[in-house]
Amino acid sequence: MKYQTQKVAYAYFLVALALFAIQVMGGLLAGWIYVSPNFLSEILPFNIVRMIHTNALVVWLLLGFFGAAYFLVPEEAERELYSAKLAYLQLAILVIGTLGAVGSYLVGIHGGREFLEQPLWVKFGILIAALIFLFNITMTALAGRKTAITNVLLMGLWLLSLLWVFAIINPENLGLDKMYWWFVVHLWVEATWELVMAAILAFLMLKLTGVDREVVEKWLYIIVATALISGILGTGHHYYWIGTPGYWQWIGSIFSTFEVVPFFLMMSFAFVMVWKGRRNHPNKAALLWSLGSSTVAFFGAGVWGFLHTLHGVNFYTHGTQITAAHGHLAFYGAYVALNLAMFTYAMPILRNRDPYNQVINMGAFWLMTGGMAFMTFTLTFAGTIQTHMQRVLGDDFMSVQDGLSLFYLMRFGSGVAVVTGALVLIYALLVARRHEIIAPGRAQPLAGE
C-alpha cells in the first residue's frame, strides 16, 4: 500500500462483503419460495424478500465501486486522498440509509418502483453520499496525476450519480415514469457501470500483467466509446411496450445488438493483456476473477442479452424467466465478479500481507461460477417453456408456474452452490491461514500462511 488513505477502501470492502452475504442468502430464500410458495408468506412475503435481495445487490456493488475508487485513485493520482474523514462520513450515511431502507421494507413501507423502492429520505441520503464521494474523489484526481483510468472511472461515477436524480422524480404518467425508471436502471448497468467496470478492469490488468500503460489506455478508450454509443440508444429495448412511439422498436433492436461489442472487447482485452504481459504476478486468484469477470460478462450481458433484445423476440419473452437468466448471469459476470476481483487484489495489500488463501479463493470462484452457469441454463429452459405455454398457447400464469416446478427446484440447488461459494470466498478474503511458514532467506513469515 503506497498511501495511508487507501485504508478507507478496506472499510468499504468489509461492509460490501457483509451485504453480499445478505444478498445471496436473500436470493436463496427467494429461490425456495418459488419451490414452496407459502414458505414464510405471512412473516416475510416474497415481494419483501425480493426487495432485500435486489437492493442489497445494488448497494454492495456500489460500495465496492466506491471502495475501488478510494483504493485506485490515490495510486493513479500519486497523492493521498483529499479527505479520509469525508469518505468515512459517506460510508456512515450509506450504512444508515441501507438499514433504514431494510427496516422500512420489513414493516411494509416502500416506494413500489422495482429496484428503487427506497423511502424518499433514503434516496436523498444516497444522493448526499454520492455528492460527498464525487467531491472527495474529484479533488484528489485534480490535484494529482491525470490518467485514462481515473478519467473513465470519474466519468462513470459522475454519470451514475447524476442519473440517480431520476430515481427521486416519480411522475404520475405511467409511460413517463417507466422512461425515467429506465434512465436509472438501464443507463446504470448498461452504460455508466460499464465505464466503471472498464476502468477497474484496466487497473487490474495494469497491475497484474505489467503491460505498458499506453496499450491499456488505447483499449480502454475503444471500450468506453462502444459502451456509450450502444448503451445510450440501447435503452430503447425497454421502450418497446410502454407506450412510446414505434420507432423505438427499431432503434432499440439495432443499438441493443451493438451492446454485445463492448463486452466482447472487454473479454478480448483481458486475455490479450495476460498474453502480452511479462509479469508473473503472485496473486493468481485476482487474475482468475478478472478473466472470469470479463468472460462471464460477455456471455451473460452480451450473448444472453442479445437472445431476447430484438423486438420481434422480446414481444413474447419480456418478463419471463429468460429475463431472470440474463439478469443473473450478467450481474454476476460484469459487476459481482469484478468487485470480487478487486477485493482479492486489494485486501492482501490493505492488510499488509502477501496474497493468501488463493486455492480456497479460486475454489470459491469455480463453485460460484459453476452454480451461476447452471442457474442460467435452468432459467433459460424454464423461460423458453414459459414463453411457449403462456405467450403462445395462452395458458394461465399459475398453471404455467406449476409446470415449471422442477426447474425451480434445480434453480434452488444451483443457488445453494452459489451461496456456499460466496461464504467460502468471504472466509478466504477475511481469514488468513493459521500456520506460519518461514521461507528460507526471509526474516518475516509468509503473510497469511
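Reply: A polar contact here is a pair of N or O atoms within 3.5 Å, where one must be able to donate a hydrogen and the other to accept it. That cut-off is used below. The model is predicted.

Start with helix α7. It covers residues 174-209, 36 residues in total. From its first C-alpha to its last, α7 reaches 49 Å. α7 is not straight throughout: a kink of about 60 degrees is centred on tryptophan 188.

Now the two ends. At the start of α7, asparagine 173 sends a side-chain oxygen to within 3.0 Å of the backbone nitrogen of glycine 175. At the other end, α7 is followed by glycine 210. The phi of glycine 210 is positive, near 80 degrees.

How enclosed is α7? Of its 36 residues, 29 are buried, so the rest of the structure largely encloses the helix.

Glutamate 75 sits in helix α2, residues 46-77. Its side chain joins that of lysine 207 through a polar contact of 2.7 Å. Glutamate 75 has a relative accessible area of 9%, so it counts as buried, the limit being under 20%. Leaving aside neighbours within four places in sequence, glutamate 75 is in contact with Lys2, Tyr3, Gln6, Arg145, Phe203 and Lys207.

Step back to the domains. Domain 1 takes in 1-146, and domain 2 takes in 186-221 + 262-432. The contact draws 33 residues from domain 1 and 36 residues from domain 2. Their C-alpha centres lie 19 Å apart. Together the two domains bury about 3100 Å² between them. Carbon and sulfur atoms account for 83% of that area.

Last, a loop site. Asparagine 357 is found between α13 (321-350) and α14 (358-392). Is asparagine 357 buried or exposed? Its relative accessible area is 2%, so asparagine 357 is buried. A polar atom of the asparagine 357 side chain lies 2.4 Å from the backbone oxygen of valine 431. That distance falls within the 3.5 Å cut-off.

How values were computed
Residues numbered from 1 in each chain as written. Predicted model: local features only at pLDDT ≥ 70, side-chain atom pairs only at ≥ 80, totals over all residues. Heavy atoms only, no water. Helix = DSSP H or I, 4+ residues; strand = E, 2+ residues; numbered from the N terminus. Expected span 1.5 Å × (residues − 1). Bend = angle between axes of the 7 residues up to and from the residue. Buried < 20%, exposed > 50% of the residue type's maximum accessible area, 1.4 Å probe, protein only. Domains from an automatic or database assignment. Contact = heavy atoms within 4.5 Å. Buried area = accessible area lost by both parts, 1.4 Å probe.
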